[in-house]
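Here is a friendly briefing to read alongside the model. Keep the sequence and the 3D view open as you go through the points.

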Amino acid sequence: MNIKEMVKKGTILKIISGSYMYGTNTPDSDKDYIGICIPTKDYVIGMYKFEQLEERTNLSNSNKQNTKADNDYTCYSLSKFIKLVYDNNPNVLEVLFVPKESIIYCDDLGKQLLEHRNLFVSKRAYYKFMGYAIAQKRKLITKQSEGLRVKIVEKYGYDIKYASHLIRLLYLGIELLITGELIFPTEHRKYLIQIKNGEWPLSQIIDKATYLENYLDESLKSSSLPEYPNLEEINKLQINLIESFWAR
C-alpha cells in the first residue's frame, strides 16, 4: 500500500481550514484543508515512519501567487496531530473546534477525537499564541516579506497577511484562555477582512496588537484552565483510537 492510499483509507477527519473556517475568505481565496489519519501498523509499530502528507496545487517554489483555484492539503498522522495539539500549536489546535459546516469527512473515531478537545486545552496556549503572534509582528515591523509578497508591502506599506495573522492569533488566544473554547467563524472576521484589504494603517494595527497583547496577559492571570493538558487521558485516547481503527 502506498502512502497516499494509506492516508485515504486511514482518514478519520478532514476539514476545510484557514480563511474559510475563520469566515475571512474572499472571492479570490485559495482553499486549505487539514486531515488526520491513522496509519497501518507498519508505520506505527514497524520500521516505517509517517508523520504527514502534503499536497499542493501550487508548489512553494513556483513563484506564483495562490489563486481561488489552488488547494493546500496537509494530512497528519494521529500521533503527530496529538503531539501538536498537546503543545497547543495554534494552527492545529483550532481543528478541534471546527464548526460542522467546515467538516468534509468525520467518522466515529474523528468524532471521538473532537469530543475530547477539552483534554488538550490549557494555559500553555498563552505561550504558543503569544509566541506565534510576536513572530508575525516582527515580520510585519521589519517587512521581512519575500518573493511575490514584496509587491504587497510596496502597495500597502506592510504585509497585510502578517497583520491579519497577528491580530487573529491574539484574539483567538484571549478567547481560548477566557472561555476554554474557540468559536468559528470568528466574531472578529469583519475587522480581519478589513486588515486583509489594507484598510488600516500599520500604526493602528501595531497599537491594536499592543492592546491585545496586554489583554492576553491579563487573560492568562484570570484563566481557569489547567496549567497543562491531561497527558494521561490523552495517552489513553490515542491508544484507544488507534486500536479501534486497527480492529476494523
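Strand β1 is largely enclosed by the rest of the structure, because 6 of its 7 residues are buried. Here, buried means under 20% relative accessible area, exposed means over 50%, and partly exposed lies in between, using a 1.4 Å probe and protein chains only. Helices (H or I, at least four residues) and strands (E, at least two) are DSSP runs, numbered from the N terminus. The model is predicted, so local features need pLDDT of at least 70 and side-chain atom pairs count only at pLDDT 80 or more, while totals for chains, interfaces and linings use all residues. Residues are numbered from 1 along each chain as its sequence is written, and side-chain values use heavy atoms, with hydrogens and water left out.

**Strand β1 and one of its residues**

- Ile16 is found in strand β1, and it counts as buried because its relative accessibility is 12%.
- Which residues does Ile16 contact, leaving aside its neighbours within four places in sequence? They are Met21, Lys31, Asp32, Tyr33, Ser102 and Ile104, where contact means heavy atoms within 4.5 Å.
- Ile16 and Tyr33 are 17 residues apart along the chain, yet their C-alpha atoms are separated by 4.4 Å.
- Strand β1 (residues 11-17) pairs with β2 in the antiparallel sense over 6 bridges; two strands pair if DSSP finds at least two bridges between them.
- Two bridge partners can be located in β2: Ile36 is the partner of Leu13, and Cys37 is the partner of Thr11.
- Strand β1 also pairs with β5 in the antiparallel sense, over 3 bridges, and Lys14 stands opposite Tyr105 in β5.

**The rest of the sheet**

- In what order do the 5 strands of the open sheet stand? The order is β3-β4-β2-β1-β5, and the pairing is mixed.
- Strands β3 and β5 (103-106) are at the edges with a single partner strand each, so one side of each is left without a neighbour in the sheet.
- On average, neighbouring strands of this sheet are turned by 10° against each other, direction ignored. For such values, axes are lines fitted to C-alpha atoms, for helices over the stretch in contact, and angles run from 0 to 180 degrees between N-to-C directions.
- Is strand β4 (residues 71-77) mostly covered or mostly uncovered? It is mostly covered, with 6 of its 7 residues buried.
- Strand β2 (residues 31-37) runs parallel to β4, and 7 bridges join them; Cys37 stands opposite Ser77 in β4.
- Strand β3 (residues 52-56) pairs with β4 in the antiparallel sense over 5 bridges, and Glu54 stands opposite Thr74 in β4.

**Helix α3**

- Helix α3 (residues 78-86) has Leu78, Lys80, Phe81, Ile82, Leu84 and Val85 as its buried residues.
- Just after α3 comes Asn88, with a positive phi of about 60°.

**Helices α6 and α10**

- The axes of helix α6 (residues 124-142) and helix α10 (residues 202-222) come within 11 Å and cross at roughly 165°.
- That angle makes α6 roughly antiparallel to α10. The classes are roughly parallel under 35 degrees, roughly antiparallel over 145, roughly perpendicular from 65 to 115, and oblique for the rest.
- Residues of α6 that meet α10 include Tyr126, Tyr127 and Met130, and their counterparts in α10 include Leu202, Ile205 and Ile206.
- The residues of the contact of α6 with α10 divide into 10 nonpolar, 1 polar and 3 charged. Ala, Val, Leu, Ile, Met, Phe, Trp, Tyr, Cys and Pro count as nonpolar, Asp, Glu, Lys and Arg as charged, and the others, Gly among them, as polar.

**Helices α8 and α10**

- Helix α8 (residues 160-179) packs with α10 at an angle of about 20°, their axes 9 Å apart, and the two are therefore roughly parallel to each other.
- The contact includes Ala163, Leu166 and Ile167 of α8, along with Lys208, Ala209 and Leu212 of α10.
- By class, the contact of α8 with α10 has 14 nonpolar, 2 polar and 2 charged residues.
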